[in-house]
Amino acid sequence: MPFPTHKPCGVWVSVPMVLHRTATADTTMAEHLFKRGQTWYVRLAVPRSLQEAVGRTEIQRTTGTRDLAEAKRRRHEILAGIHREIGLTVRAFRTDLKSPDGLAASVESIREEYLRGNIDHENAHVQADHVIEEHLNRNSLSMYDENVPEAAQRRVRAAYRTALDVDYRPLSQLVETYLKEYQGTVAVSTYRSRSRFLSEFVGWAGRSRTAEEVSRRVTGQYFAEVIQPKSLSVSSKRSMLSSLSAFWKWLIKRGFYEKQNPWSGFYSDARGKDGKTSDEVVRRPWLPSELARIELCPKDDIKYLTMKIAQYSGMRLEEIASLRKEDVLLEEGMFVVRKGKTANARRHVPIHPAIEALVKHWMERSGDKYLLPELKRGGPDKKRSHYLGKNDLGPWIRETISDHPGVVFHSLRNTFTTRAEQLGIPEPTVQLIIGHARQSLTYGLYSRDPGFELLRDAIRKIDFPEP
């Protein structure tokens, strides 16, 4: 068993600690120095209440000098280091060192102190020795037992690497770094789900495992044993796979993984609990008869305004709910969408003549700074549309418009684009109106803003046949 040959000693891990002091600082500091041979040493008595955790009654450190004046100057820093070590020790002693997670947390604390320069390599090794020895003792194992199980041996090797190898980057640390970069770049709900998926995988694979140790065989095992048996929809399982794959793309880009992404290829294999490869409900455009039922909603109801704007513009629900009154330019005939799901969502949307009077009416009656007043934010992303869609529009559409699963509020976006296609409006123009990136090389790369008048002329062509 490849354990260190020297005798381990001392448990070390960090809790703020106030140690015994005598009456005056000068007297205290003088008592901390003693001479061994020609060299001055610093020593500090460990308080009786902490001796069980520290494993000794006194700690000694060399000043590395024979000069008393220089020893007095150095002792301040040395004593501060001893205080930190005792604090680290007490935390380790109070940690659940029997569990693998407790061991991992303790050696990660040692690593952090080592990387910060608060302890040197020798002291980090001493602390790792004691923490690991305590972990084995609490599991009725011994550092010198040749029959220590292979799983325990792997934990010990990983613990030493964590504490002492500055180039060692365990998965847990890489995930933490990745999430710090990722946070703030996406919606809160997306960040939370990705964080959860990565944490679940690290917990399964082992916090101390490196990215290089995650082979195709490992990911295949996780897919077969963990992801596939879950009672989740196909889209949820694919979301998990996408999160893991995105993390590995980041590892490859940062140079932490040199092989092909081990998560590629599983996406199409995901199955729902019914064995199907898809659970997606295809949204369809509203039928003329269904559009006509919007008129059953009272004109002064906020649902009516929201549905009519979506019908005649293709705007998303949160885009409509986020419109401030200053974003509604009646004279210019446009909505200003300042943010959205993508960069292309920021745009100017013409106000269709069919809803000009309705929008003006709401601009005059709204006592709020928003066109849609008094909406309560909700959900992890604190969206203004959260409760409007969940509690108002969704139930009303199911009860009044249609109970078809493909007919939802967002289907009005499909309705707008489908009608635009039927009327022969060019796709690049429609993409500018609804906030999609123009895909063609000619329009997407070389063409710049074709002008608002083109969009206005296009949207004025939009009409809907009678039922």
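This is a predicted model: local features need pLDDT of at least 70, side-chain atom pairs count only at pLDDT 80 or more; totals for chains, interfaces and linings use all residues.
Lysine 35 stands opposite tryptophan 40 in β2. Residues are numbered from 1 along each chain as its sequence is written, and side-chain values use heavy atoms, with hydrogens and water left out.

Strand β1 covers residues 33-36 and strand β2 residues 39-45, and the two pair in the antiparallel sense over 4 bridges. Two strands are said to pair if DSSP finds at least two bridges between them. Strands (E, at least two residues) and helices (H or I, at least four) are DSSP runs, numbered from the N terminus. The hairpin of β1 and β2 has 2 residues between the strands, and glycine 37 takes a positive phi there, near 65 degrees. On to the next strand: β2 is also joined to β3, residues 58-62, by 5 bridges, and these strands run antiparallel. Valine 42 has arginine 61 in β3 as its bridge partner.

I turn now to charged side chains. Side chains of opposite charge can pair when their charged atoms come close. How many salt bridges does a search of the whole structure find? The search finds 17, a salt bridge being a side-chain nitrogen of Lys or Arg within 4 Å of a carboxyl oxygen of Asp or Glu.

One of them joins the side chains of glutamate 295 and lysine 308, at 3.2 Å from N to O. This pair links distant parts of the chain, 13 residues apart: glutamate 295 is in the loop between α11 (288-292) and α12 (302-311), while lysine 308 is in helix α12. Lysine 308 counts as buried, at 10% relative accessibility, whereas glutamate 295 is partly exposed, with a relative accessible area of 35%. Buried means under 20% relative accessible area, exposed over 50%, and partly exposed in between, using a 1.4 Å probe and protein chains only.

In another salt bridge, the closest N and O atoms of arginine 338 and aspartate 327 are 2.5 Å apart. Arginine 338 lies in the loop between β5 (334-337) and β6 (347-350), and aspartate 327 in the loop between α13 (317-321) and β4 (328-329), so the pair ties together parts that are 11 residues apart in sequence. Aspartate 327 is buried, at 2% relative accessibility.

Finally, glutamate 453 and arginine 456 form a salt bridge at 3.0 Å between the closest N and O atoms. Both residues lie in helix α19 (residues 452-460), 3 residues apart, or about one turn of the helix.
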